[in-house]
Amino acid sequence: MEKLLVSRCLLGHKVRYDGGAHGPFDLLQRWQEEGRIVALCPEVAGGLPTPRPPAEIPGGQGAQVLDGSQPVLTNRGEDVTAAFVAGAEIALQLVRQHGLRVAVLKARSPSCGNTHNYDGSFSGTLIEGEGVTAALLRRAGVRVFNESQLAEAAAELARLEQCS
Ligand code: SF4
């Protein structure tokens, strides 16, 4: 049975920066019952508290954070890059430990977003980009989906199971 990594906030865990959560999502609930889900909040795993100040990547590209060319900054200007990178590395460790090839991560997060991100101006401006964890997992060959792509994630899980 193919397992997957899932953002904890999508499972109802109150780990969002503002203490909130998301869901429920029927497919995620089913996968949890089937024992497929490895749950992680990269920001909490990286050592940040909940609640915590909102953070953004100037330019919105998690890959640039991994390369050291951009920081992750809170809305107060505090540099939280180290915690974001630590959380991404823990995600990668889990992926390797469990042999995961699929992830469902929260959209538009500076850690988890897979297609769009806020631009670093804290003005609500979305641009194409991905979070730090999403970028590291994609580099490692993981197929990263978000909560509006659950059908695509299910199709990928089914495809992988057919192939193995
Ligand atoms: Fe944690 Fe990712 Fe959810 Fe943010 S989006 S609360 S980092 S799991």
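Reader: How many nonpolar, polar and charged residues are in the shell around the ligand?

Author: The shell around the ligand holds 5 nonpolar, 3 polar and 4 charged residues. Here Ala, Val, Leu, Ile, Met, Phe, Trp, Tyr, Cys and Pro count as nonpolar, Asp, Glu, Lys and Arg as charged, and the others, Gly among them, as polar. Bear in mind that this is a predicted model: local features need pLDDT of at least 70, side-chain atom pairs count only at pLDDT 80 or more, and totals for chains, interfaces and linings use all residues. Residue numbers start from 1 along each chain as its sequence is written.

Reader: Which residues are around the ligand?

Author: They are Ser7, Arg8, Cys9, Val15, Arg16, Cys41, Pro42, Glu43, Lys106, Ser109, Ser111 and Cys112.

Reader: What makes Arg108 partly exposed?

Author: Arg108 has 16 C-beta neighbours inside 10 Å, so it counts as partly exposed. The cut-offs are 20 or more other C-beta atoms within 10 Å for buried, 12 or fewer for exposed, and partly exposed in between, with C-beta atoms placed from the backbone. Arg108 sits in the loop between β5 (102-104) and β6 (116-118), and its phi is positive, about 65°, although it is not a glycine.

Reader: Why is Phe122 called partly exposed?

Author: With 13 C-beta neighbours inside 10 Å, Phe122 also falls in between, so partly exposed is its label. Phe122 is in the loop between β6 and β7 (126-128), and its phi is positive too, near 55°.

Reader: And Ser148: buried or exposed?

Author: Exposed, because Ser148 has 9 other C-beta atoms within 10 Å. Its place is the loop between β8 (143-145) and α6 (150-163).

Reader: Which residues touch the most other members of the largest nonpolar core?

Author: Leu4 and Ala103 do, in a core of 43 residues. Such a core is a set of buried Ala, Val, Leu, Ile, Met, Phe, Trp, Tyr and Cys residues joined through C-beta atoms within 7 Å. Helix α4 (residues 81-98) gives the largest share, 6 residues. In soluble globular proteins, nonpolar side chains tend to be buried together.

Reader: How close is α4 to the span expected of a helix?

Author: Its 18 residues reach 26 Å from first C-alpha to last, close to the 26 Å expected at 1.5 Å a residue. The expected span is 1.5 Å times one less than the number of residues. The buried residues of α4 are Ala83, Phe84, Val85, Gly87, Ala88, Ala91 and Val95. After α4 comes Gly99, with a positive phi near 65°.

Reader: How many helices and strands does the chain have?

Author: It has 6 helices and 8 strands. Both are DSSP runs numbered from the N terminus: H or I with at least four residues for helices, E with at least two for strands.

Reader: What radius of gyration would a compact globule have here?

Author: For 164 residues it would be near 15 Å, and the chain has 15 Å, so the two agree. The radius is taken over C-alpha atoms, and the globule rule is 2.2 Å times the number of residues to the power 0.38. Of the 164 residues, 43% count as buried.

Definitions and conventions: A residue is near a molecule or strand if its C-beta atom, placed from the backbone, lies within 6 Å of it.
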